[in-house]
Amino acid sequence: MKLKLREENTGGELLLFKDETGFDRLFFTRDKFNKYFTIAWNMGENQTVTIDGTEYNFPANSLLTLLFNQSFSFENSAGIIAWQFNREFYCIIDHDSEVSCVGFLFSSTDHLFVELNDQAQQKLQLLSDVFIEEFKTSDNIQNEMLLVLLKRLIIYVTRLAKVGYTPVKKLQDEKFHIIRKFNLLVEANFKTEHTVSFYAEQLCKAPKTLSNLFAIFNQRTPSQIIQERIIVEAKRLLYYTDRSIKHITFELGFEDVSYFSNFFKKNTGASPSDFRNLPEGSKEEK
């Protein structure tokens, strides 16, 4: 089942998939003009999800969020309920004060697999049933009703994710927002800005302060997060496009091909040309 709402005046789109075989996304080819954020719920057994060429375990009864520019496919898409929406329907950046998910729930490097207990599953099942009912109810407030439901879904998933991913000693909201803002700044600037000092300055913080804050939140440093985002994009460009390594070097903000190649090999164990020529299965291991 595939349900879709399109706002003709804005181009806003909201979709819901349930029991749909072949549900996937290929950002660089077939789907490059459809920029949807995705929330996927695996209601079935454990399965494999491939994101930007890398395989991950998608546990049973868990949620996964995906950015609009990511490619993905599921081992068993018929076991997935998925919501997709574009920025024209609901811009999470412009409305971050409402949902507080930007820089945390949707990310290119941290794939959040949010486990659902029985209560959460029941609530999401009820919410999905209401979504389906509203999709099938064509009246003059359908758009508004679906938008309200989408906000409720994003807020609820964000709350579930925070419980699972913030430390036991809860971070203050202000500190948590700094982390989200840092991730958002990296997403917007990683192709041109590679140093922690740039992002620290944007946040009016010292680089050391950022490092201490991230040490509380997780094991990676701000520098590692920036480097991992660059590597993810490099892999995607090598995996899905035929752009030259020189073109990719400059696109990712490096001035020297040799320097970029060394940077890539240090982080993946393979040079860009070797990575591009690896068999499909081998790429996923890098």
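**Helix 7 against helix 9**

I began with the pair formed by helix 7 (residues 222–240) and helix 9 (residues 257–268) in this predicted model, and found that their axes come within 11 Å and cross at roughly 100 degrees. That angle makes helix 7 roughly perpendicular to helix 9. I then looked up which residues meet at the crossing: helix 7 brings Gln 227, Ile 230, Ile 231, Ala 234, Lys 235 and Leu 238, while helix 9 brings Phe 260, Phe 263, Phe 264, Asn 267 and Thr 268.

**Overall counts**

I noted 11 helices and 10 strands in the protein, and I found that buried residues make up 50% of its 286 residues.

I traced an open sheet of 6 strands in the order 1-2-9-4-7-10, with antiparallel pairing. Its edge strands are strand 1 (2–6) and strand 10, each of which pairs on one side only. From one strand to the next, the twist averages 15 degrees.

Going through the pairings, I recorded 7 bridges between strand 4 and strand 9 (residues 80–86), which run antiparallel, and within that pairing Trp 41 has Ile 81 in strand 9 as its bridge partner. Strand 4 (residues 36–42) also pairs with strand 7 in the antiparallel sense, over 5 bridges, and here the bridge partner of Thr 38 is Leu 66 in strand 7. Strand 7 pairs in turn with strand 10 (residues 113–115), again in the antiparallel sense, over 3 bridges; Leu 63 has Val 114 in strand 10 as its bridge partner.

I gave strand 7 (residues 62–66) a separate check, and 5 of its 5 residues are buried. What are the directions of its side chains? Ser 62, Leu 64 and Leu 66 point one way, Leu 63 and Thr 65 point the other way, and all are buried.

I next asked which strands helix 2 (residues 118–135) lies across. They are strand 1, strand 2, strand 4, strand 7 and strand 9, and helix 2 runs at about 120 degrees to strand 2.

**Glu 13**

Leaving aside its neighbours within four places in sequence, I found Glu 13 in contact with Lys 4, Leu 5, Arg 6, Tyr 36, Gln 84, Phe 85, Asn 86 and Phe 89.

**Positive phi angles**

I kept in mind that most residues other than glycine have a negative phi. Asp 52, although not a glycine, has a positive phi of about 50 degrees, and this residue lies in the loop between strand 5 and strand 6. At 10% relative accessibility, Asp 52 counts as buried.

Cys 204 is also not a glycine, and has a positive phi of about 60 degrees. I located Cys 204 in the loop between helix 5 (196–202) and helix 6 (207–217).

**Cysteines**

How many disulfides are there? I applied the cut-off of 2.5 Å between cysteine sulfur atoms, and the count comes to 0 disulfides. I looked at the accessibility of two cysteines as well: Cys 91 is buried, with a relative accessible area of 6%, whereas Cys 204 is exposed, with a relative accessible area of 69%.

Terms used. Residues are numbered from 1 along each chain as its sequence is written. This is a predicted model: local features need pLDDT of at least 70, side-chain atom pairs count only at pLDDT 80 or more; totals for chains, interfaces and linings use all residues. Side-chain values use heavy atoms; hydrogens and water are left out. Buried means under 20% relative accessible area, exposed over 50%, partly exposed in between (1.4 Å probe, protein chains only). Helices (H or I, at least four residues) and strands (E, at least two) are DSSP runs, numbered from the N terminus. Two strands pair if DSSP finds at least two bridges between them. Axes are lines fitted to C-alpha atoms, for helices over the stretch in contact, and angles run from 0 to 180 degrees between N-to-C directions. Angles under 35 degrees count as roughly parallel, over 145 as roughly antiparallel, 65 to 115 as roughly perpendicular and the rest as oblique. Contact means heavy atoms within 4.5 Å.
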